[in-house]
Amino acid sequence: MKILITGGKGALGQDAQKIFSAHGHDVLALDREGLDITNEAQVKELVTREHPDVIVNCAAYNLVDKAEDPAVYPIAYAINALGPGYLARAAKLVGAVFVHVSTDAVFAGDKPEGYVETDVRAPICKYGESKAAGEELIEAVQGKYYIARTTRLFGAPATSADAKESFISIMMRLAATKPEIQIIDEEIGRPTYTPDLAQGIYDLVAGAYPFGIYHLVNDGPGVTWYAFAEEAFAIKPTTTPRIPVPAAAFPKPAARGKFVVLQNTKFPPLRSRVEALREFLS
Ligand SMILES: NC(=O)c1ccc[n+]([C@@H]2O[C@H](COP(=O)([O-])OP(=O)(O)OC[C@H]3O[C@@H](n4cnc5c(N)ncnc54)[C@H](OP(=O)(O)O)[C@@H]3O)[C@@H](O)[C@H]2O)c1
């Protein structure tokens, strides 16, 4: 099959490229300079020329706090909402399957029992609003689509221009350079390893699962940022003291949900988060 991957230099984009190539598919992975997903004409031209069987959209605007800035939000909306809509339309035009990656931030994060795939979107920050709008635009196209929601990605760093450092990489860096680390002991979620998410996306497509929304997260209980860091430090010990603090200790422009645990009720569980962490940190 011919696979078009957008956001090819992003953290997930790189792993998606690896997994589809490893299965012998013809992969065309492009980043912003190869395909700007916010350029509708370019999207349509490239997709009709290349005629992929599957499009995997790994492009995104992920700077959650910056997206709160009214001057920046139109950019986030273009990348996270309009672009996915253009891709979904182009995919439908050529009969391709469209895979889009979304986020727990489409939910309010106030449901301690976690969110299932059919729960109603109710974002509380501008990033979440843009991603929720992207999901809606894709659904409106009524093509062959998968929306894979995930959370708190960790893995090999992206090589793209605006790459965001993952939480685990930040923790390892701080442990090596600071006398102590304060870590938020709130905001419960289910961090996910990018190679496992890429594998999940591959399995979704290869397994011809029914189209729709899926929650792809590493298996394991929801954890606060502090508890997640402790899982990592149990594998890669440090003598640097870690201090659990409330979220209020680090005020941020964008609101964060207190409970953003994505429940996967439709797909075989991805492997355990601790196993994934062990692989990542080895
Ligand atoms: N990272 C997380 O913790 C997290 C959590 C939940 C969900 N997600 C979702 O998971 C997906 C993958 O995230 P990630 O962490 O792999 O993201 P990432 O590393 O930030 O990669 C995103 C990629 O998109 C590219 N891009 C930005 N604007 C573009 C445009 N207009 N056209 C084409 N490419 C463009 C970026 O390139 P430049 O750097 O050059 O702009 C970058 O290579 C995203 O949909 C994200 O919303 C991520």
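What share of the 282 residues in the chain is buried? Buried residues make up 50% of them, where a residue counts as buried if 20 or more other C-beta atoms lie within 10 Å of its own, as exposed if 12 or fewer do, and as partly exposed in between, with C-beta atoms placed from the backbone.

Before we look around, two notes on reading this report. Residues are numbered from 1 along each chain as its sequence is written. The model is predicted, so local features need pLDDT of at least 70 and side-chain atom pairs count only at pLDDT 80 or more, while totals for chains, interfaces and linings use all residues.

## The whole chain

The chain holds eight helices and twelve strands. Helices (H or I, at least four residues) and strands (E, at least two) are DSSP runs, numbered from the N terminus. The radius of gyration of the chain is 18 Å, close to the 19 Å that the globule rule gives for 282 residues, so the chain is as compact as a globular protein of that length. Here the radius is taken over C-alpha atoms, and the rule is 2.2 Å times the number of residues to the power 0.38. Along its principal axes, the C-alpha trace spans about 55 × 40 × 35 Å.

Contacts tell us how the chain folds back on itself. Two residues are in contact if their C-beta atoms, placed from the backbone, lie within 7 Å. Among contacts between residues at least 6 apart in sequence, 81% join residues at least 24 apart.

## The nonpolar core

In soluble globular proteins, nonpolar side chains tend to be buried together. A nonpolar core is a set of buried Ala, Val, Leu, Ile, Met, Phe, Trp, Tyr and Cys residues joined through C-beta atoms within 7 Å. The largest one here has 86 residues, and I55, F98, V99 and I201 have the most contacts inside it. Helix α3 gives the most to this core, with ten residues. Leaving aside neighbours within four places in sequence, I201 is in contact with A16, V56, V99 and A148.

## Two helices side by side in a table

The expected span of a helix is 1.5 Å times one less than its number of residues.

| Helix | Residues in helix | C-alpha span, end to end | Expected span |
|---|---|---|---|
| α1 | twelve residues | 17 Å | 16 Å |

Helix α1 (11–22) is mostly covered, with nine of its twelve residues buried. Among them are A11, L12, A16 and F20. The buried residues of α1 pack against β1 (2–6), β2 (26–30), β3 (54–57), β4, β6 (153–154) and α6 (194–206). Just after α1, G24 takes a positive phi of about 80°.

Twelve of the 16 residues of α4 are buried, so this helix is largely enclosed by the rest of the structure. Its buried residues include Y127, K131, L137 and I138, and they pack against α3, β4 and β5 (145–150). Just after α4, Q142 takes a positive phi of about 55°.

## Around the ligand

Which residues come nearest to the ligand? Of the 31 residues around it, they are G7, G10, A59, A60 and S160. A residue is near a molecule or strand if its C-beta atom, placed from the backbone, lies within 6 Å of it. Helices α1 and α3 (73–94) and strand β4 (97–103) each supply at least two residues of this shell. The most come from α1, with three residues.

The shell divides into 13 nonpolar, eleven polar and seven charged residues. In this count Ala, Val, Leu, Ile, Met, Phe, Trp, Tyr, Cys and Pro are nonpolar, Asp, Glu, Lys and Arg are charged, and the others, Gly among them, are polar.

Most residues other than glycine have a negative phi. R152, in the loop between β5 and β6, has a positive phi near 45°. R152 is buried, with 21 other C-beta atoms within 10 Å. A208, in the loop between α6 and β10 (212–215), also has a positive phi, of about 45°. A208 is exposed, with 8 other C-beta atoms within 10 Å.

Finally, G222 lies in the loop between β10 and α7 (225–235). G222 is buried, with 20 other C-beta atoms within 10 Å. Not counting residues up to four places away in sequence, G222 touches G114, I188, G189, R190 and V261.
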